[in-house]
Amino acid sequence: MEKDTKAFQRVYTKLFQLTKATVSLKASGIGNEELAIVDGRLAQVVKIMGDIVTLQVFAGTEGIATDAEVIFTGKAPTLKVGEDLAGRFFNAYGEPIDGGQIMGEEREIGGPSVNPVRRKQPSEFIATGIAGIDLNNALVTGQKIPFFADPDQPYNQVMAMVALRAEADKIILGGVGLTNDDYLYFKQVFDDAGALDRIVGFINTTENPPVERLLVPDMALAAAEYYAAEKNQKVLVLLTDLTLYADALSIVSNRMDQIPSKDSMPGSLYSDLARLYEKAVQFPDGGSITIIAVTSLSSGDITHAIPDNTGYITEGQLFLRKDSDIGKVIVDPFRSLSRLKQLVIGKKTREDHPQVMNAAVRLYADAANAKTKLENGFDLTDYDERTLEFAKAYSEKLLAIDVNIEVDQMLETAYELFSKNFSPVEVGLKKEFVDQYWKKDE
Amino acid sequence: MSSIGKVTGIIANLVIVETDDRVAQNEICFIKHDNTRLMAEVIKIMGQKVYVQVFESTRGLKVGSEVEFAGHMLEVTLGPGLLSKNFDGLQNDLDKMEGVFLKRGEYTEPLDKDKEFEFTPIVKEGGSVIAGDWLGEVKENWIGHKIMVPFVFKDEYTVKSITKEGTYKIHDTMAVLTDKDGKEHKVTMVQKWPVKVPVRAFKEKPRPFKVLETGVRVFDTLNPIAEGGTGFIPGPFGSGKTVLQHALSKQAEADLVIIAACGERANEVVEIFTEFPELEDPRTGRALMERTTIIANTSNMPVAAREASVYTAMTLAEYYRTMGLKVLLLADSTSRWAQALREMSNRMEELPGPDGFPMDLPAIISNFYSRAGYVYLNNGETGSITFIGTVSPAGGNLKEPVTESTKKAARCFYALSQQRADSKRYPAIDPIESYSKYLEYPEIIEYLNKNNGENWVSNVLYVKDVLLRSKESYEQINILGDDGVPLEYHITFWKGEVVDFAISQQDAFDKIDSSTDFKRQRYMLEKIIDVLKADFKFNSFEEVNPYFKKLINQFKQMNYSEFDSDKFKNNEKELEVIIKERKVA
Ligand SMILES: Nc1ncnc2c1ncn2[C@@H]1O[C@H](COP(=O)(O)OP(=O)(O)O)[C@@H](O)[C@H]1O
Ligand SMILES: [Mg+2]
């Protein structure tokens with residue numbers, strides 16, 4: 001039954017068990033996580049018990065017969081890396097979508113982690129012009145952060161905008177279950193910006209089998225590691241939508257009869273997602289990998305296992321929602337957070353940045369309370385009225401995603417709104433900042 | 001001869017090994033793979049089938065691979081030179097590893113075998129000793145590191161010889177001990193101990209009776225943790241667990257701090273070893289890193305080693321406690337350890353308990369917490385391990401197995417609230433839900449009143465009561481409207497806000513506000529109590545809010561200024577003026 005073709009390849013033709021996602025056969029000398037080709041489809045070893053090997057077939061097992069040919073390749077999934085990657089788009093297996101070949105060195109994907117003591121503390125501010133991000137949730141190179149947004153929010157647009165303004169040497173797009181329209185949209189925006197030569201794409205669209213998606217983030221991150229670790233480049237990785245990645249994980253674990261944990265997700269979801277996100281890093285030699293991802297929500301529910309585990313892993317989250325008062329999408333200051341912001345705000349930006357940021361958010365919270373009062377039919381105090389006025393202007397001039405200004409200008413705008421509606425005491429900034437920056441009545 | 005076996009099955013990092021030889025539960029083994037040896041731990045034995053969890057990726061591993069059993073459980077190496085190190089969960093020295101990326105199967109020595117230490121003997125020849133007794137001392141950073149009778153030594157020994165004062169390396173013989181049967185045992189500076197077994201080389205463990213100063217006001221003033229006590233910090237993501245633990249590790253009045261970064265972000269560990277060498281320990285003036293040891297098993301490092309990491313950290317803490325030191329042990333996050341247990345238990349197809357966690361999770365957690373504590377050593381000296389772990393409840397819901405099990409084991413509960421974090425009220429510790437059981441211990445009450453003034457504890461309870469009444473008033477105001485309640489409700493609400501802003505909230509990133517010692521906390525508590533007990537005159541509820549805002553702002557200015565500085569005193573004068581504005585004499 002077994003015949004050796006190439007040096008490492010072993011071929012078998014007798015499957016004795018098939019499920020929707022897996023096939024099992026008798027084979028020997030097989031390595032865990034090794035790749036195989038089952039009836040022309042890519043598969044990976046997920047379990048070995050004695051001489052029985054179980055393979056997960058990425059494209060599904062539809063139509064595979066018990067006498068299908070299985071070729072073991074003797075290696076884990078790889079990507080060919082090299083300068084050739086730039087400007088190209090690939091499928092989940094790392095093959096160019098437009099055909100052709102790639103010259104380069106073969107690398108295993110999903111490789112080892114960076115030794116924590118070899119990391120550097122991230123310290124480079126990424127300016128996006130969007131005040132909801134720069135002012136309240138400043139991003140730093142080497143950070144990992146997702147957009148939390150309902151499917152109807154324009155997260156891919158915002159992400160593309162951020163990517164183009166971020167001054168990255170390379171932008172790597174990992175499309176995980178991307179609609180074909182969104183894939184074309186990304187291509188178009190990058191092309192219009194004249195940035196295509198800085199882009200590498202790994203794309204699995206909704207037209208491709210869902211389990212294939214599991215390879216995309218690892219492919220994208222392997223390419224990112226090549227540029228960041230070896231070429232010392234600043235790399236920005238965009239992963240959209242990792243909720244669909246987690247869904248694919250649950251499909252696989254379910255088909256392998258594993259005990260599901262919360263929301264039918266595998267018990268290892270935290271570790272599985274952390275393995276990807278922790279590839280974000282600042283290397284000592286200047287290269288960095290920054291990951292901006294999308295975790296789509298269902299009706300804003302962040303307690304679902306996918307956003308919940310994500311939030312525990314990432315360095316904050318950017319929460320998009322529509323503000324009905326101004327009719328625009330804003331970066332919600334309550335639910336959003338950048339955990340690395342304190343590494344740059346007040347240090348790489350003006351010293352009063354942290355206090356201004358906090359004061360504005362506190363006043364916005366007061367406005368939210370006032371709104372609740374109003375909805376419950378109570379009278380508003382003068383202070384309540386002023387917070388509402390402030391909140392509206394704050395939303396319009398700073399939180400809306402169409403804002404595009406420098407950080408200093410964001411701070412100035414904040415002082416304008418403060419002084420228009422409040423006294424310094426009500427705002428509660430440190431005295432020296434009030435003395436220096438507070439807008440005096442003209 | 002050591003036992004050997006062969007790999008017969010592989011499911012992720014669960015490997016099945018067949019052997020005819022003797023193996024023990026929790027024994028360590030090494031699986032040969034290409035040119036490396038992958039470390040693993042026995043977790044179940046079924047006849048000739050031995051289930052092992054591999055502390056590494058099993059990619060490429062084949063059935064038939066040879067396995068060598070080590071004859072011992074997972075153990076750590078104890079000796080001078082552990083401080084300031086960055087270890088992984090298995091106590092490999094991360095700095096000794098080559099290259100930027102971790103290499104599978106690379107294990108490094110935890111101690112430096114060529115480093116020299118100044119030794120001073122403590123015992124005399126002819127003296128009799130038992131496990132944990134101090135034979136001599138070497139200087140490790142500024143700590144007097146005791147060279148002890150190894151913990152594995154049973155019964156009593158006579159000191160046959162003790163090495164003279166001088167400079168030695170860790171593997172030199174420092175003493176020769178004779179046992180009851182006249183057999184001689186050489187003792188070096190190094191000993192080994194299995195991490196899952198508690199070190200019991202002490203005379204007794206009394207109830208904790210002192211308070212550990214942390215510089216964090218919601219701890220010290222409102223919910224103090226005892227030296228040798230236990231506490232835990234549950235909270236949804238982003239609520240401030242890690243920032244709070246880092247604050248404790250910087251400020252707490254401990255001789256040394258051991259931090260287990262268990263399954264969380266690598267960048268948070270980077271933050272510690274980037275900042276701690278630059279920061280000063282206010283009590284000794286030395287770099288903070290000199291008193292800190294990090295056990296880093298971050299979320300992208302092998303899952304099975306997460307469990308090992310917390311035990312490794314605890315064992316190091318026990319080792320230093322036996323030297324008579326005050327150790328603070330922090331673990332972030334114990335939920336990741338519990339999840340690692342769950343992953344493995346699922347792979348072994350064990351009957352799952354609630355939320356898929358192993359059935360014995362509560363027992364595992366309470367056993368672990370019980371290893372903390374204040375102890376009297378055999379020589380009458382004292383040592384302590386104060387342990388504070390974080391818990392990451394799924395969906396932020398505290399009704400889940402890890403939180404519930406930990407609540408039974410830990411004596412302090414610092415619940416972080418999403419709502420407070422959202423409104424940037426940091427640290428987001430819920431003032432009503434949180435508690436310290438130690439505030440009910442008579443010995444702690446006595447200790448606090450002796451150190452902080454005889455009314456201290458009653459004042460603290462009074463303040464807590466104000467918080468509670470403030471919350472009730474707030475709810476009433478919300479239900480009935482601003483003008484639907486008596487004026488008094490507004491004042492009660494705002495008095496609680498004064499406590500919230502002036503005590504509970506503390507800016508972890510401000511140089512001055514971040515750490516407040518007990519002297520300053522005493523001073524401020526008295527000021528605040530004056531305000532809380534005062535009667536204020538208002539004509540309408542509309543005057544209440546702006547007035548208290550002004551008052552709170554002034555308290556905050558005080559918190560931001562250096563204690564007793566001119567700035568502080570000026571702010572205090574302004575505060576007095578504001579208080580007089582409306583205080584009814
Ligand atoms: N005491 C504090 N003062 C100021 N900001 C804080 C404080 N505690 C937390 N934060 C903010 O909240 C963020 C998340 O805190 P972190 O401790 O990382 O949360 P968790 O560990 O609970 O997920 C921090 O990055 C910081 O911006
Ligand atoms: Mg944390």
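**Exercise 1. Describe the residues around ligand 1 and the chains that supply them.**

Step 1. Ligand 1 has 17 residues around it, where a residue is near if one of its heavy atoms lies within 4 Å. R339(A), G238(B), K241(B), T242(B) and V243(B) come nearest. The ligand lies between chains A and B.

This is a predicted model, in which local features need pLDDT of at least 70 and side-chain atom pairs count only at pLDDT 80 or more, while totals for chains, interfaces and linings use all residues; side-chain values use heavy atoms, with hydrogens and water left out. Residues are numbered from 1 along each chain as its sequence is written, and chains are lettered from A and ligands numbered from 1 in the order in which they are written.

Step 2. Sort the shell by class: eight residues are nonpolar, six polar and three charged. Here Ala, Val, Leu, Ile, Met, Phe, Trp, Tyr, Cys and Pro count as nonpolar, Asp, Glu, Lys and Arg as charged, and the others, Gly among them, as polar.

Step 3. Assign the shell to elements and domains. Helix 2 (residues 241–251) of chain B gives the largest share, three residues; helices are DSSP runs of H or I with at least four residues, strands runs of E with at least two, numbered from the N terminus. Domain 3 (217–435) and domain 4 (453–582) of chain B each supply at least three residues, with bounds from an automatic or database domain assignment.

**Exercise 2. List polar contacts of ligand 1 and state how much of its area the protein buries.**

Step 1. A polar contact with the ligand is a pair of N or O atoms within 3.5 Å. A polar backbone atom of Q506(B) is 3.5 Å from a nitrogen atom of the ligand.

Step 2. Alone, ligand 1 exposes 560 Å², of which the protein buries 93%; areas come from the Shrake-Rupley method with a 1.4 Å probe.

**Exercise 3. Locate the cis peptide bonds joining T240(A) to D241(A) and D332(B) to S333(B).**

Step 1. Most peptide bonds are trans.

Step 2. In chain A, the bond between T240(A) and D241(A) is cis, with omega about 15 degrees. D241(A) sits in the loop between strand 17 (234–240) and helix 5 (242–255) of chain A.

Step 3. In chain B, D332(B) and S333(B) are joined by a cis bond with omega about 10 degrees. S333(B) is in the loop between strand 21 (326–332) and helix 5 (334–347) of chain B.

Definitions and conventions:
Polar contact = N/O pair within 3.5 Å; in protein donor to acceptor, adjacent residues only side chain to side chain.
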